[in-house]
Amino acid sequence: MTQRKVALFVTCLVDMMRPRIGFAAIRALEAAGCDVVVPEGQTCCGQPALNSGDTNHAIALARQTIVALEPYEAVVVPSGSCGGTIRCHYPELFEHDPIWLPRAQAVAAKTWEIMAYLDEQCGWKPEGVQVDAKATYHDSCSGLRELGVKAQPRRLLKPIAGLELTPLAGEETCCGFGGTFCVKYPAISNAIVGEKADAIEATGADLLLAGDLGCLMNMAGKLNRQGSKVRAFHAIELIAGMGDGPAIGEEA
Amino acid sequence: MNAREAILSRLKDDSDIDIATEAAALLGTPERPAVDIAQVEAEFLARLALPSVSASHDDIETIEELPAAVARYLDAQGEARALCLPPDPRLSGCDWSGFALHQDAAPDEAAALAIARKGIAETGSLIFETSPQAPMLPNFLTLHHLVLLRVADIAPWLEEAPLAGPQPRAHYWITGVSGTTDIEGTYVRGAHGPRFLHVILLRGDFPHMSEQ
Amino acid sequence: MSGAPAEATRFKARADAALADRILKVAVERTAGTAEAKRAVAVDAFPDFQAARTRAAAIKDHVVAHLGHYLEQFEANATAAGAKVHWARTADEACDIVIALCKAAKAKSVARSKSMLGEEIGLPHALAEAGIGRVETDLAEHIIQLADERPSHIIWPAMHKTREQVSALFKAKHRLPHEEETIAAMAESARRELRTQMLGADVGISGANFLIADSGAICTVTNEGNAELSLVPPRVHIVTAGIEKIVPSMPHAVHMLRLLARSATGAALTQYTTFYTGPKRPGDRDGPEEMHIVLVDNGRTRMREDGLAEMLRCIRCGACMNHCVVFRQIGGHAYGGTYPGPMGAVLTPVLDGLKQSRDLPNACTMNGKCQEVCPVRIPLPTLLRGWREKSWREGLEPQSLRAGLGLWAWVATRPRLYRMGTGMAVRAMRLLGSKGWIRTLPLAGGWTTYRDMPKPAAQTFMDQYRKERGR
């Protein structure tokens, strides 16, 4: 079997805030038989600029990211919203640019959210992983609606021994993060995440799982402020067998 | 430039496609609720019984039985045998003795009868048009709306509701009673108009229909 | 008019007031929550709702592409049926036409059947200025009129009011108010109050949910039957309708109607769906002597030219706002325009100007739920992003944000510098945290006022990766 040469787009949030999500992604990809490369030229996909209407900066970052990622067979991202930016919005940014549009489309076509890639492209499942806990899963909006990430994480979590998945009421309802939204309109964001935290608590789960660090930081930060005992992980951490490490906000 | 010209000048259509053909092609095979066309009456009655429609119904074989059916309904509701009746020749053969009949609805009309041109199984809708024989206002003022519908006029889908050719002043679909959820989302019947809808199904034909 | 910062403060102030109002939250949750649940049931029961949405979007796109053709066709058919068609470029022109028609009819009072277009063009205000009495006949609009407020939702204008508030209002204003404190008794009080007023009106004014091009008919949908009671008795019927309301024919209208009620309330149809074609015919026992249809542009041709054509698909069902996490928290009044929620955040900058409303496209998490439930597949997040771009280009975004994003992008387009910067930022942030969490973070008060920030790891991913892999 020839190894798939896969580029990991780490995302700026994972790079700065929680590197172990990136390492979990590498571990799972390697277990699935991929040869993982972390291209040097990457920084941020440009989503904050894109969503703020700062198109020029969004284009500059998109070009940089396209150049960094285009040599590889596939690009894998441990975030639905960054993956959605590359896959759905890069081609829109270069809609009227005959030179960059094909390059943007080519990168978009081979960019995958990590769990969708492992499940759909590699047909891989974790083996020998055990996590004795009750978990609930929040479907982050961009992954769900832009990339169709819904069944894949659940299929990957199912083989984990000891893990019980309990449904979250309003699992497809936005957590109120919204990138810059949460700092531009903090009071509204807080009201939304407050309801989300209550719904998470109501599940009685030990663990909160999701596929996007931004949403996870928002929900975990609110849960912690409320004194909750629920621990939050990116789902790929459990899937890669790294669920025994510190949760978000726990000292290593 | 007047307003009409100003608006239309911004909507110039340079394409040379056949707009009517494109519009017709957009209809295709429409997505719509399943209706068993062998069971349209049962399907219609099932929709009538839904909480959103909540109409009662009765059955008669011939038009001559209509006054008795109306009397049955009004008696059961504790209403007087008074009825606002449209000047429709199809009703003239009925014996309305014992009823106080009138043609114009009072502001606090208790009961009015109308003849539906069609019933639609998909939604439980009743289809009407205005004409000199069919005023519209009584059907909205009355508290009890009684509707005569020939079983043979029940059609499966809403596509069969519209009237072909020149249109009357009003063509209207009634799918329940006057309801509102405007206060705290709580459903209340009889917001402005009818609080009760009662459909009388006629199994036979209207009089003289075969000779017309 | 004041500038953007003042308006931004006003939006935030309105939102803060709404967030503090727990009664409002309960009221919004009750109605929007019920609508959300009922829609879900209706959509699940409908065979291939997704294909039906695609078809509905295609029908509206076809109409918008050939809008001139259809407007002329509608005009010809409505005129042939005896209606008089008027055209208005702006809200003021539309109101002037309606007021002139009312004056020509010597109208002392008009009965109005709820119309968002009427609200959009400021018709209630124009009628008041002209000294013409106005009876709002939709129960919610009646409540709004008595309270002297504006609608907070396009389907349930009085969504923000609780039963206690409605009860007090009716007791103060109705001639024979309810005695029993039930919603049914309150509705009955309004029925008593409104019926005689409706029947005594000189003119009936409605909007139109659809304009049928090939017959010249206008369609209204209501659950209360108030449209018919407002439009049949008066001598004159005036319709004000946005030019985008056209559909080619009745079968097209049937398709749109199947989606409209399901998306709005979860019902298969509204209780009353009426198509009016011209005034009463010879021999008819009721109906108006005159019918006037005012076709209103008010920014719509500009939307078509300026990349907002998809917004002209909107059939005003309200599903986007019922499913919007922001609307559900702040209700409709906080938006400050005629139309609230996601569709309002797209339309208000057209109607009121972007400078006045730049907050609305920004106060959105871009979660995409509105687009998912829209019966005509309007890409609402994309259109909102379009407004954000315009706001950025026109320099309406706050200077602090522009400077911050500019600096960040300058660094982020220089990967080596970026690595150094992030490494330093991580170390600085770690100094502020204890036991894994940061409780207050300079420049991120918006975050840490309400929630904790996890302390970052000791090294960035890139630093750790380079060390581990020796690259």
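This passage describes the chains of a predicted model, their contacts and selected elements of their folds. Local features are reported at pLDDT of at least 70 and side-chain atom pairs at pLDDT 80 or more, whereas totals for chains, interfaces and linings use all residues. Residues are numbered from 1 along each chain as its sequence is written, and chains are lettered from A and ligands numbered from 1 in the order in which they are written.

Chain C contains 471 residues, of which 58% are buried (a residue is buried if 20 or more other C-beta atoms, placed from the backbone, lie within 10 Å of its own, exposed if 12 or fewer, and partly exposed in between). Its C-alpha trace spans about 95 × 55 × 50 Å along the principal axes. The chain has 24 helices and 12 strands; helices (H or I, at least four residues) and strands (E, at least two) are DSSP runs numbered from the N terminus. Three domains are assigned in chain C: domain 1 (1-45 + 318-398), domain 2 (50-301) and domain 3 (414-469), with bounds that come from an automatic or database domain assignment. The centres of domain 2 and domain 3 of chain C, taken over C-alpha atoms, are 56 Å apart. Among contacts in chain C between residues at least 6 apart in sequence, 72% link residues at least 24 apart; a contact requires C-beta atoms, placed from the backbone, within 7 Å.

UniProt, in an unreviewed entry, lists "domain: LUD" for residues 71-296 of chain C. This span is 42% helix and 21% strand, and its end C-alpha atoms lie 11 Å apart. In chain B, the "domain: LUD" annotation, also from an unreviewed entry in UniProt, covers residues 113-202. Here the span is 4% helix and 40% strand, with 14 Å between the end C-alpha atoms. UniProt positions are given in the numbering used here, feature names are shortened, and annotations may be inferred rather than shown by experiment.

Of the 2 pairs of chains in contact, chains B and C share the most contacts. This interface involves 57 residues of chain B and 79 residues of chain C. On the side of chain B that touches chain C, two or more residues come from each of α1 (3-9), α2 (19-27), β9 (170-174) and β10 (179-180) of chain B. Strand β9(B) runs antiparallel to β9 (residues 272-276) of chain C, joined by 5 bridges, and Y172(B) has T274(C) as its bridge partner. Two strands are taken to pair if DSSP finds at least two bridges between them.

The contact between chains A and C takes 56 residues from chain A and 51 residues from chain C. Several helices of chain A each supply at least two residues to the side that touches chain C, including α4 (55-69), α11 (186-203) and α12. Chain A and chain B do not touch, and 21 Å separates their nearest C-alpha atoms.

Within chain A, 4 strands form an open, parallel sheet in the order β6-β5-β7-β8. Strands β6 (161-165) and β8 (231-234) of chain A each have a single partner strand and stand at the edges, so one side of each is left without a neighbour in the sheet. Strand β5 (residues 130-137) of chain A pairs with β6(A) in the parallel sense over 4 bridges, and A133(A) stands opposite L163(A) in β6(A).
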